[in-house]
Amino acid sequence: MGTLFEQKSAARKITLRSIEEYPEAPVSLETTLSNFTGDWRTFIPVIDDGKCVKCYICWKFCPEPAIYIREDGYVGIDYDYCKGCGICANECPTKAITMEKEEK
Amino acid sequence: MSGYEPIRKVVSGNYAAAYAARDARVQVVAAYPITPQTSIIEKIAEFIANGETEIEYVPVESEHSAMAACIGASATGARAFTATSAQGLALMHEMLHWASGARLPIVMVDVNRAMAPPWSVWDDQTDSLAQRDTGWMQFYAENNQEVYDGVLMAFKVAETVNLPAMIIESAFILSHTYDIVEMIPQELVDEFLPPRKPLYDLADFSRPFSVGALGTPNDYYEFRYKIAKAMEEAVKVIKDVGREFGERFGRDYGSMIELYRTDDAEFVFLGLGSLMGTVKQAVDVLRSEGYKVGAAKVRWFRPFPKEEIHDLAKEVEGIAVLDRNYSFGMEGILFTETKGALYGTDAQPVMKNYIVGLGGRDFTVNDIRNIAKDMVKTMEKGETSGESLWYHLKRG
């Protein structure tokens with residue numbers, strides 16, 4: 001997960017399948033990056049580059065943060081961690097981000 | 001028993017607790033004053049002021065914060081200790097679940113005190129028994145010596161199974177009453193209780209991880225099972241540690257229930273804590289009067305000594321359960337637990353529940369004689385009584 005530029009996290013999703021695999025105390029086995037919060041999403045933000053003015057207000061407001069700046073200067077979304085809260089769409093001054101119902 | 005020379009001091013139960021915390025080389029104490037517990041933490045403050053210990057003392061604004069600070073300290077690997085009573089313990093309730101859920105071997109002394117209202121500072125077991133389901137182990141001390149020994153053993157047991165433990169003593173009857181306590185020289189305590197080996201190392205920055213994170217329905221269940229298994233394991237660890245304590249220091253705690261003159265007893269008194277000292281004395285008196293009675297003192301209430309209760313119940317015709325506590329809408333708490341442990345087994349003694357000494361009401365040898373007489377009548381009828389007898393009630 002990149003906070004500024006697109007960097008993929010090396011974290012893996014951990015699924016524990018038997019009681020023996022669990023740690024004795026309820027601690028994470030890795031950093032919280034192994035918690036792929038993108039699973040929680042109901043609405044998914046979709047960006048229209050044609051309307052984007054590269055103001056990066058969405059990047060500033062994303063609480064995760066799951067918005068990064070692409071090489072071409074437009075913004076991208078790390079869907080592994082984006083919870084679909086919609087703050088980016090709400091803040092975007094040119095309405096370049098829309099929230100769509102995600103089909104899973 | 002090794003031939004060591006104990007350090008004999010005349011101290012209160014509270015001072016015995018403070019000396020034990022010092023001798024256990026506790027690293028962090030976070031506590032808030034409440035009668036009748038206060039002199040435990042005052043004594044610890046005195047040790048620190050005198051330069052006798054390296055304990056880090058954290059003054060806090062409430063018992064909830066005291067336990068929260070102990071949890072933080074314990075999570076970093078430190079040996080943490082605190083003490084409280086009654087309303088203070090109740091205020092900690094949320095944090096008690098946190099301590100056991102995070103598998104932190106904190107040791108706390110609770111000085112049993114009646115819950116308000118009406119305000120009371122006197123002895124009553126309901127405060128600690130109301131914390132039954134928090135995942136804490138519970139040890140009830142009969143005398144000041146057991147307070148001292150209990151704290152030392154509790155750290156060893158807690159740090160083996162990674163669960164917190166409560167050592168419980170009676171308000172005033174132990175907390176403020178002076179008695180001879182044999183303390184153990186520091187180097188021998190150190191041999192018995194080596195430094196803690198924590199389950200995880202929060203200070204290892206090469207391997208970051210989170211503690212206290214969310215557990216979804218997919219994982220929570222397994223962590224609860226781990227606690228249940230740790231409590232089961234604690235039964236064995238408690239006995240091993242108790243035996244080891246006996247071999248090293250001459251006072252054996254290898255059983256979770258202490259039996260007193262039960263061998264040929266027709267019935268026994270079963271109870272917790274300091275009142276069992278009076279019961280033992282009463283048993284001697286009653287024996288001289290021809291009653292075939294004994295006493296069974298439940299040292300560890302959590303984990304509950306189901307097997308030892310069963311072994312005892314097979315050998316006697318009756319059990320008089322003495323509860324200095326009450327669960328409204330049911331009965332004395334030890335009575336419920338004891339019946340539960342015997343359900344469906346081949347041991348079905350006649351049982352009766354006596355509610356005694358609530359809020360520090362005096363409970364004497366004479367009272368125990370009266371209960372013995374009532375128990376004899378109950379056993380003649382041959383059936384377990386469904387109603388608790390409020391023994392002291394003023395009936396006009």
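Modeller: A residue is buried if 20 or more other C-beta atoms lie within 10 Å of its own, exposed if 12 or fewer, and partly exposed in between, with C-beta atoms placed from the backbone. This is a predicted model, in which local features need pLDDT of at least 70, side-chain atom pairs count only at pLDDT 80 or more, and totals for chains, interfaces and linings use all residues. Residues are numbered from 1 along each chain as its sequence is written, and chains are lettered from A and ligands numbered from 1 in the order in which they are written.

Colleague: Is B:Phe172 buried or exposed?

Modeller: B:Phe172 is not a glycine, yet its phi is positive, near 65°. It has 21 C-beta neighbours inside 10 Å, so B:Phe172 counts as buried.

Colleague: Where does B:Arg25 lie?

Modeller: B:Arg25 is another residue other than glycine with a positive phi, about 55°. It counts as partly exposed because it has 18 C-beta neighbours inside 10 Å. Helices (H or I, at least four residues) and strands (E, at least two) are DSSP runs, numbered from the N terminus. In chain B, the place of B:Arg25 is the loop between α1 (13–23) and β2 (28–31).

Colleague: What is omega for the cis peptide bond that joins B:Arg302 and B:Pro303?

Modeller: B:Pro303 sits in the loop between β12 (300–302) and α11 (306–315) of chain B. The cis bond joining B:Arg302 to B:Pro303 has an omega of about -5°.
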